[in-house]
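Hi everyone, thanks for coming. I'd like to walk you through one model today, so please take a moment to look at the picture.

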Protein chains: 2
Amino acid sequence: MTTERILLAHGSGGKLSHDLVEKLFARRFSNAILDRMDDSAVLEIMGRKPGATSNRQRQGNISPHSLELVGKLAFTTDSYVVSPIVFPGGDIGKLAVCGTVNDLCMSGAHPLYLSAGFIIEEGLSLDELEGIVDSMATTALQAGVAIVTGDTKVVDKGHADLLFINTSGVGIVPPEVNVSGSNARPGDVVLVSGTMGDHGMAILIQREGLQFSSHLTSDCAPLNGLVETIFASLSTEESKCLVARVHCLRDPTRGGLITTLNELAQASDVGIEIEETSIPVCDPVRAACELLGFDPLYVANEGKLVAIVTADIAQRVLEAMKAHPYGANAAIIGEVTSSHAGKVIVRTALGARRIAGMLAGEQLPRIC
Amino acid sequence: MTTERILLAHGSGGKLSHDLVEKLFARRFSNAILDRMDDSAVLEIMGRKPGATSNRQRQGNISPHSLELVGKLAFTTDSYVVSPIVFPGGDIGKLAVCGTVNDLCMSGAHPLYLSAGFIIEEGLSLDELEGIVDSMATTALQAGVAIVTGDTKVVDKGHADLLFINTSGVGIVPPEVNVSGSNARPGDVVLVSGTMGDHGMAILIQREGLQFSSHLTSDCAPLNGLVETIFASLSTEESKCLVARVHCLRDPTRGGLITTLNELAQASDVGIEIEETSIPVCDPVRAACELLGFDPLYVANEGKLVAIVTADIAQRVLEAMKAHPYGANAAIIGEVTSSHAGKVIVRTALGARRIAGMLAGEQLPRIC
């Protein structure tokens, strides 16, 4: 018997989160799909086409073994517990749609359908709930996904914090796409789609009631349009197989860019070297981080992605991103190496190189 | 501006729940799939077979319109907030797996994959969490489903109640199956798979620390085996099309049997008449209900189903259920009528007939 207890840091997205997931959940639920630890599970869906039946099926004895492959489906889930539930640039509803749409995209899937599960604290005003549900509907429309199933639970006052939302999602993965956190290869190039740290700092400043001269807004946005733009740029007449050269896509949410790069370096068993000065950070975020003692590279984003692609297509992917509204500040920030496997190396403005690990604990709790 | 607030009763599964879902969520998220209001969304998944590409797709311009039907997929979600998190016959983990497996079955789907999203209150003991995760793994194995994706959030102490779990699930619907809450037809027969009210009363007695001479246990169980047994009994050599004569399947959870029958009567625009004396209720549940003033027909079940089938197959479905461990106490309890559309009529032991509506409010909060 251990007397260990769950700490806030277990939900940080940092090292303690990863330990909890690995030691507690992954071991018990282990299967070939979960063990890949990507943002979405990619499922090979077995089924029968209407009309096609076998003797076995006629007897009602339908096992997965008697079915045929009908498609590659991405499936993902996220619960949202952000506090406050309304913030500059969005609210928990918009976040819940964007976050799950983005997790699907990061598997290379076209997001199609979402579920929505609400846990509501007794006493939440109906007006506030309506505003958030409106925001979900608007964001789903923008992303081109349908919310097709849902659930509502209410808990007694004091046993939740206004509103928690779970969204799960399914999407179709085109056959030529093969992105996974474990696909990075030495020589690949690392890109980000824009400025880092906007979401986390916007939440923090709203939550703490801080006043800054410049307005800080969350980057919360659905990224499926951006991902489709990237894929489209790699699917020109001469060759469509370039899509397979996009090796990894991931949205740097909890734990920010450095945590995400550490996950990718570990999953792919490669090193990742990035150039600090090439990483876009907007001035208000930089100023707020300096004042409050945060590193923007560890602060969460909700409308940005990291792409790791082969060197020959990096420029093309960069240009495709820059042409899209959600990729205007995209940049090439580094490369994948065979040395320092599992580690992230940051080259500083002064030319020094340092290992940038995951944070153990909690920099900013409840930012998503 | 209204100053209305969310009440516990909005989560009861009764009339206020239905009003909230209809007026708040369904209107804003409205689409053809959601509007069916079944336990799972049944999706026609469009995709491309590997190798099959069109010019349009070669240009990366992949819209749902350029895809072909690859299968009928069921997709569902539920959040679990049961209190206490461990109870006689199960815990929140077992419940979270069973509940979502059952929602998939009630669409006639073979459950395949689950997601698991955890919202953990800071301070929960790791031992307790481990026990619950073990219980999820065991139940998933029993039900033959894999947990393929997940998420963990931690909220600060006092802002949740130990542990909330969301599970979402996907499954394949065989082409010959067509069950929906809106498929009941006059002349159909209504069956239940066993005793009513076991889960709700087990939770209540555990929560309130009541002592009864006889032990009350939740019926929490995955029902996919039972549903497959029913379908198998209708898929004999002479005719496999009998499966389509199973019109509705639903698990009577929040709000119990009467609430579920009201949902089905309304969705199908038919009347449902049931014989009170034919409804199985076990002695300890009957005794506890009498003592505490509950009606077992409004108390939640987590391992039982209601089936509405054509009269010619009712006996065969009953026998199939009785042959399965989770259907040993199955019974025919009534029939579907063209009169009293949208209403449930209970014929009492004394021969009286009364309309049994949904409860407006909360009989037992947080039982799932």
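Let's start with a question: how many bridges join strand 10 of chain B to strand 13 of chain B? There are four, and the two strands, residues 271-275 and residues 344-347, run parallel. Within this pair, Ile272(B) stands opposite Val344(B). Please keep in mind that this is a predicted model.

Now step back to the whole sheet. Seven strands of chain B form an open sheet with mixed pairing, in the order 9-11-8-12-10-13-14.

Next, find helix 7 of chain B, residues 256-268. This helix lies across strands 8, 9, 10, 11, 12 and 13 of chain B, and runs at about 150 degrees to strand 10.

Finally, the two chains together. Chain A and chain B each give 98 residues to the contact. About 8,900 Å² is buried between them, with 65% of it on carbon and sulfur atoms. The count of salt bridges between the chains is 10. In one salt bridge, the side chains of Arg366(A) and Asp156(B) meet at 2.9 Å, N to O. On the side of chain B that touches chain A, strand 5 of chain B gives the largest share, 11 residues. That side divides into 48 nonpolar, 26 polar and 24 charged residues.

How values were computed
Residues numbered from 1 in each chain as written. Chains lettered and ligands numbered in written order. Predicted model: local features only at pLDDT ≥ 70, side-chain atom pairs only at ≥ 80, totals over all residues. Heavy atoms only, no water. Pairing = 2+ DSSP bridges. Contact = heavy atoms within 4.5 Å. Axes fitted to C-alpha atoms, helices over the stretch in contact; angles between N-to-C directions. Buried area = accessible area lost by both parts, 1.4 Å probe. Salt bridge = Lys/Arg side-chain N within 4 Å of Asp/Glu carboxyl O. Nonpolar A, V, L, I, M, F, W, Y, C, P; charged D, E, K, R; others polar.
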